[in-house]
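Visitor: I'd like to learn how to read a protein model. Could you walk me through one?

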Amino acid sequence: MEDGAAPFAGAAPAVPATAQDDALAAIFREGGTLARALPGFRFRPQQLAMAQPIAQAIAARGQLVAEAGTGTGNTFAYLVPALLYGGK
């Protein structure tokens, strides 16, 4: 990432700005919930940056089209917000 570009196109930098972002950061960060539960899990800023707009879309009951390359951590990036904020 050069010139301060966001790690996920269309997403804000992976800096917690809200309680929702703080909760996601606590799960994805180094030593966070996923790292403690899954041996070999490693923090990827792109994963958190993708999870944040997904969580916002879920909270707003909106729609989001997101695409990220292999190795970004797509599955957890959409699964974690869905479990946290998606309800049922």
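Guide: We'll go from the overall fold to helix packing, then to a ring pair and a few single residues. This is a predicted model, where local features need pLDDT of at least 70, side-chain atom pairs count only at pLDDT 80 or more, and totals for chains, interfaces and linings use all residues. Residues are numbered from 1 along each chain as its sequence is written, and side-chain values use heavy atoms, with hydrogens and water left out.

Visitor: What share of the residues counts as buried?

Guide: Buried means under 20% relative accessible area, exposed means over 50%, and partly exposed is in between (1.4 Å probe, protein chains only). Of the 88 residues, 32% count as buried.

Visitor: Which residues of helix 1 are buried?

Guide: In helix 1 (residues 19-28), they are Gln 20, Asp 21, Leu 24, Ala 25, Ile 27 and Phe 28. They cover an arc of only 160° around the axis, which puts them on the same side of helix 1; that arc is taken over the directions from the helix axis to the C-beta atoms. Their cover includes helix 2, helix 3 and helix 4.

Visitor: What does Gln 20 touch?

Guide: A contact means heavy atoms within 4.5 Å. Leaving out residues up to four places away in sequence, Gln 20 touches Ala 55, Gln 56, Ala 59 and Tyr 85. Gln 20 is buried, with a relative accessible area of 17%.

Visitor: At what angle do helix 3 and helix 4 cross?

Guide: Axes are lines fitted to C-alpha atoms, for helices over the stretch in contact, and angles run from 0 to 180 degrees between N-to-C directions. The axes of helix 3 and helix 4 come within 8 Å and cross at roughly 35°. On the helix 3 side, the contact residues include Gln 47, Met 50, Ala 51 and Ile 54; on the helix 4 side, Asn 74, Phe 76, Ala 77 and Pro 81 are among them.

Visitor: Is Ala 51 buried or exposed?

Guide: Ala 51, in helix 3, counts as buried at 0% relative accessibility. Not counting residues up to four places away in sequence, Ala 51 touches Leu 24, Phe 28, Ala 77 and Pro 81.

Visitor: How many aromatic pairs are there?

Guide: A pair of aromatic rings is described by the distance of the centres and the angle of the planes. Rings of Phe, Tyr and Trp (its six-membered ring) pair if their centres lie within 6.5 Å; planes under 30 degrees apart count as stacked, over 60 as edge-to-face and the rest as tilted. The count comes to one pair by this rule. The rings of Phe 41 and Phe 76 have centres 6.2 Å apart and planes at 75°, so the pair is edge-to-face. The pair links distant parts of the chain, with Phe 41 in the loop between helix 2 (33-37) and helix 3 (45-59) and Phe 76 in helix 4, 35 residues apart. Phe 41 is buried at 15% relative accessible area, whereas Phe 76 is partly exposed at 28%.

Visitor: Where is Gly 86 found?

Guide: Gly 86 sits in the segment after helix 4 (74-85). Gly 86 counts as partly exposed, at 42% relative accessibility.

Conventions: Helix = DSSP H or I, 4+ residues; strand = E, 2+ residues; numbered from the N terminus.
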